[in-house]
Number of protein chains: 2
Amino acid sequence: MSNNFDYKILAEDGGARSGEFTTLHGVLQTPVFAPVGTQATVKSITPAQLDALGATLVLANTYHLFLRPGDELVAKMGGLHEFMQWHKPMLTDSGGFQVFSLSDTRKVDEDGVTFKSHIDGSMKRLTPESSIKIQENLGADIIMAFDECSDPNNRAYVEQAMERTHRWAQRCLDAKTRDDQALFGIVQGGIFDDLRERSAETINAMGFPGHAIGGLSVGETKTEMYHAIEVCNQVLSPDKPRYLMGVGTPEDLIEGVLRGIDIFDCVLPTRLARHNSAMTMFGRLNLMNATFAEDTRPIDEECSCYTCRTFTRAYLRHLIVAKEMLAATLLSIHNLHTLLQLARDLRQAIIEGRLEAFADQAMARLNIPRTPKRK
Amino acid sequence: MSNNFDYKILAEDGGARSGEFTTLHGVLQTPVFAPVGTQATVKSITPAQLDALGATLVLANTYHLFLRPGDELVAKMGGLHEFMQWHKPMLTDSGGFQVFSLSDTRKVDEDGVTFKSHIDGSMKRLTPESSIKIQENLGADIIMAFDECSDPNNRAYVEQAMERTHRWAQRCLDAKTRDDQALFGIVQGGIFDDLRERSAETINAMGFPGHAIGGLSVGETKTEMYHAIEVCNQVLSPDKPRYLMGVGTPEDLIEGVLRGIDIFDCVLPTRLARHNSAMTMFGRLNLMNATFAEDTRPIDEECSCYTCRTFTRAYLRHLIVAKEMLAATLLSIHNLHTLLQLARDLRQAIIEGRLEAFADQAMARLNIPRTPKRK
């Protein structure tokens, strides 16, 4: 099954790679950043606007769509691509992370997780088998193994959850019936080198067409996160795509790509947009700030997005102060553009063999010190 | 001044007309419906989306922009067209109606109105002269005389407010300094034929390049409203555009055009959109309704808007139930299209001399009886 999903590495630069991952809905050029469409919509953005931004991969959340409108309804409507009218590649997560982050009451047993819906308080259950079934109903191009997330610092819990994640990974492989979806395995292991190594070895040996690194960006330091990526990627097969889940600041994209990551996703650009914050390659601007009231410049003079080509900071601030919905739309367009363009720039730098210089310059402009690799 | 603004009638059909009104930012093809951009944005819609809908005239509210961000800031930013990046014709109202409908405390004297800001409770003042000054700062192509609105049924109040509106209209003409803005006079007079007639005669004699009918759609019956339009338009010069303020249901566009109205504006399409309601030429659909949960049809099979060409009712209902902002955007696009397309269809029917048949058919489809003209 997995050999349907060819990952062709086109260029390498240090530990970084640029490649093409082929899915039924198109070829992903990596490195790639995936905007998040939690409830089958990237918040405040139309698919046409997303397409104009050059987005190629969109993530939707299994947990949310399972609860509402229900994966069976989505299947009846022709699947997620048809339902939300996004005809390029899609990825669904497994629901594992949301069960742990959004649901108050949850009980994990060897078979699965019982949890309380954050929508209506009803009790629901997910297992490796049901997560795969739901993801098959949703029909994304890349689907994820159901994993158990844990506090990355508590070693005993991390190890137990990791071992269970491995057993669940095999059950996901066994449960899978569609051959047009690439099922990715997820490496866990928190911030413990030996656990990360063991998890990467186990998952890597299972024959997934792609691998994800889970359980990061959840409270550990940046240095710990970057180091965990290094440990995993020393083990994970270089000829398969590597996906760093839930990570999406400009500095994390840069440091991640330097360490061999190919795919990223994050709610940050659209969430920050709804909180009046513009992401740029020279830092964040809170556009609510009174200093922007008469500022006739765009958010970023060098940005080519619709928002920056069209509107002033003064107008965006007015929309924010006046509580106009358009503010979230225009800032989402800009913030998504920033990360999508960064991924394209990283790709180009790898192809041209100048990633180190690019990273130096970009991190200096962000005013964030680079984190050297451990070895 | 007024002869800068040529209104060329291209076709007539019964009392209806189709023409071209020339402004500095383009030619308005009438009949025309103007989407409302209260706070310098048509809520939840980008100017690019508005342009794709074929909108040609956008209204913004003087009252709101005077209070926030302030007309002087807008002027510094290059005026309203530049500020909100709408480069086709714009219209601003005078603030008169909002002072009466939005402000709790207001005191009218012969010179103007003192009122409490609905934003911060501070006391503000508008006079005919300051309304014109503000509208000159905003810089719309069509600006409106400052009028006093009143309960349309209370004859004594209506007559007093109407007489003051006439005195204020002359003060607006005298205060005006820019010759690139067409100042329209407003006819008042409530539901009283003799007052409407007197008001239309007075305003018509003052040399405005266009006329508006104000004080309607505020509590009177449809029959009373349509009759008041007839009374006004029997008096108002046929060679100048006639604008029915704040009116925007499909049936009112049809009945208004039949009675010689050229310009309409209304918040209804975008407001209904934010309340989950789709406007169609076969009535309104509340898309929150569970009957749409698995409905794979577009809102309107015959509609050519982006929303109808792209999404199912089931998806729109999902967005509404999941409280996603995109619902308001997609429904606003559809609702605006419905009225913009209706105005285009009315225009075409006038040009082809088949307005009566078009009106009969459209009203039958809307399932609303036609209201015959009084004479």
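Biologist: Where is Asn367(A) found?
Modeller: Asn367(A) is in the segment after helix 15 (355–366) of chain A. Helices here are DSSP runs of H or I with at least four residues, strands are runs of E with at least two, and both are numbered from the N terminus. Before we go on: this is a predicted model, so local features need pLDDT of at least 70 and side-chain atom pairs count only at pLDDT 80 or more, while totals for chains, interfaces and linings use all residues. Residues are numbered from 1 along each chain as its sequence is written, and chains are lettered from A and ligands numbered from 1 in the order in which they are written.

Biologist: And what's its phi, for Asn367(A)?
Modeller: Positive, about 60°, although Asn367(A) is not a glycine.

Biologist: Is Asn367(A) buried or exposed?
Modeller: Asn367(A) counts as exposed because it has 9 C-beta neighbours inside 10 Å. The cut-offs: buried is 20 or more other C-beta atoms within 10 Å of a residue's own, exposed is 12 or fewer, partly exposed is in between, and the C-beta atoms are placed from the backbone.

Biologist: What follows helix 15 of chain B?
Modeller: Asn367(B), whose phi is positive too, near 65°. Helix 15 (residues 355–366) of chain B has 12 residues and reaches 16 Å from first C-alpha to last, close to the 16 Å expected at 1.5 Å a residue. That expected span is 1.5 Å times one less than the number of residues.

Biologist: Which residues of helix 15 of chain B are buried?
Modeller: Leu355(B), Ala359(B) and Ala362(B). They cover an arc of only 75° around the axis, which puts them on the same side of helix 15 of chain B. The arc is that of the directions from the helix axis to the C-beta atoms. On the other side of this helix, Ala357(B), Asp360(B) and Ala364(B) are exposed.

Biologist: What covers the buried residues of helix 15 of chain B?
Modeller: The cover includes strand 1 (7–13), strand 2 (16–23), helix 10 (250–258) and helix 14 (326–351) of chain B.

Biologist: Okay, on to sheets. In which order do the three strands of the open sheet in chain B run?
Modeller: The order is 1-2-3, with antiparallel pairing. Two strands pair if DSSP finds at least two bridges between them. Strand 1 and strand 3 (26–29) of chain B are at the edges with a single partner strand each, so one side of each has no neighbour in the sheet.

Biologist: How many bridges for strand 1 and strand 2 of chain B?
Modeller: Six, in the antiparallel sense. Asp13(B) has Ala16(B) in strand 2 of chain B as its bridge partner.

Biologist: And strand 8 of chain B, which residues make up its covered face?
Modeller: Val113(B) and Phe115(B) are on the covered face of strand 8 (residues 113–116), and Thr114(B) and Lys116(B) on the uncovered one. In a regular strand the side chains alternate between the two faces of the sheet.

Biologist: What does strand 8 of chain B form with strand 7 of chain B?
Modeller: A hairpin, with four residues between the two strands. Three bridges join strand 7 (residues 106–108) to strand 8 of chain B, running antiparallel, and Val108(B) stands opposite Val113(B). Strand 8 and strand 9 of chain B form a hairpin as well, with six residues between them, and Gly121(B) in that turn has a positive phi of about 75°.

Biologist: Switching topic. How many residues of chain A are in contact with chain B?
Modeller: 33 residues of chain A, in contact with 33 of chain B. Contact is C-beta atoms, placed from the backbone, within 7 Å.

Biologist: Which helix of chain A gives the most to the side that touches chain B?
Modeller: Helix 13 of chain A, with five residues.

Biologist: Last one: where is the cis peptide bond with omega near 10° in chain A?
Modeller: From Arg68(A) to Pro69(A), and Pro69(A) is in the loop between helix 2 (62–67) and helix 3 of chain A. In chain B, the bond from Arg68(B) to Pro69(B) is cis, also with omega near 10°.

Notes. Contact = placed C-beta atoms within 7 Å.
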